[in-house]
Amino acid sequence: MTIEEIYSRLSECAGVTTDSRKCGPGLMFFALKGERFDGNEFVRGALEQGCPYAVMDNAGLYDAADGRMILVDNVLLTLQQVAALHRRRLGTPVIGITGTNGKTTTKELTNAVMGTTYNVLCTQGNLNNSIGVPLTVLGLKPEHQYAIVEMGASHPGDIRELVEVSQPDYGLITNVGKAHLLGFGSFEGVKRTKGELYDWLREHKGTAFVNRDNEHLQQMCQGLPMIEYGKPGQDGLLVEGNVLECNPFVKFRWRRGSGQWHTVQTNLIGAYNVDNALAAITVGLHFGVTEADASAAVAGYKPQNNRSQLTETGRNHLVVDAYNANPTSMAAAIDNFSMIQAQDKMLILGDMRELGDVSQAEHINIVDLLKRKGFTQVWLVGSEFGKAAQGAGFRLFPDVEAVNVALSKEPVAGKTILIKGSNSIGLTKTITNL
């Protein structure tokens, strides 16, 4: 069966599902394989639950007599190709967003700004990978005026795979930094992979939204039509802006060209979030959102999912940024924490994962930064920090369980605490004890 024929069958359905636990009437089931499961084994169950069709790639479980079963060579590739065809058929303008840090926050801010004026489809949660992007694209409906698609990457070629599905007309790379180096091989590998978004835009006469102050992005986007934003005092920017204060929430000002200044008090922690806000405002203004609506949308946005959230426990003030961590984001979080006005600061930091051969050097760099900033109440969690911080005078813990044991014996109160580390370290498990 061709992709066009499968797409025709999909047009008879209300949507798609890849989760055998969420099957039902009107949903086409795509039987994906994972490390610990094979969706093909759930095809019959999906059909029994009412799915009109199931796409599968295990010929041994295929029943040619059952017209509801669709046998293909590769279910994931088929899902992506069907999504790409859907995107072409609808022709909805797509804004693609990627970057080492800040892409989810930028996506959410852009959605908030664009949503003041348009019916927008936006990537939900963290559905930014080889499965999530096609599922997002397949959510496009004729009534959507724009789509905002977030794309993540951990290996070379990942972004190219995702732009083939989402086919963006516009692109935004928040930044490039040292993350997933185990997969990318080097920082240059990060740049090449994130730059695959720019490559697509060049090939298809697209346009990039670019931070003028990021030298790496400036080099990478050569030859592309650009709409730029950045710090004040530069010619040709659509939007310029800068930080006013960060205590702990960021307040910043911005203006369009040489127009009126707007002051925005956000619910975001971290001066680095101003670039994310300026990016969202720039996108919105380009598509006709008013300046007042853009400011109100950014001011009203509240972060979720442990991304720079301020949590009041009754005992302490917690700055929780424990969704992920890499050398770039860790240094930015520490720099920002040093700017927050608080009398009794403490940091609980976890290992940064997937750094490959440079892991020890990058953890040593963070330890040195902590010393330069003058922090003394520092708890470091994980084997990498354990090796990097020997003799530094900071408390070292092998894992989060050891931290919780210490907290139960030595209750902490009256402090402002930064909690940051790779998600797999599990630092959010400390919150109930803080």
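## A tour of the aromatic contacts

Begin by selecting F287, which counts as buried at 10% relative accessibility (buried means under 20% relative accessible area, exposed over 50%, and partly exposed in between, with a 1.4 Å probe and protein chains only). The model is predicted: local features need pLDDT of at least 70, side-chain atom pairs count only at pLDDT 80 or more, and totals for chains, interfaces and linings use all residues. Residues are numbered from 1 along each chain as its sequence is written, and side-chain values use heavy atoms, with hydrogens and water left out.

Display the aromatic rings next. Rings of Phe, Tyr and Trp (its six-membered ring) pair if their centres lie within 6.5 Å; planes under 30 degrees apart count as stacked, over 60 as edge-to-face and the rest as tilted. The count comes to 7 aromatic pairs by this rule. Y146 and F287 form a tilted pair, 4.8 Å centre to centre with 50 degrees between the planes. Y146 lies in strand β7 (residues 146-150) and F287 in the loop between α11 (273-286) and α12 (291-300), so the pair ties together parts that are 141 residues apart in sequence. Helices (H or I, at least four residues) and strands (E, at least two) are DSSP runs, numbered from the N terminus. Y146 is buried, with a relative accessible area of 14%.

Proceed to R253, whose charged end sits over the ring of W261, 3.8 Å from its centre (the criterion is NZ of Lys or CZ of Arg within 6 Å of the ring centre and within 35 degrees of the ring normal). Finally, select K345, which lies over the face of F337 at 5.4 Å from the ring centre.
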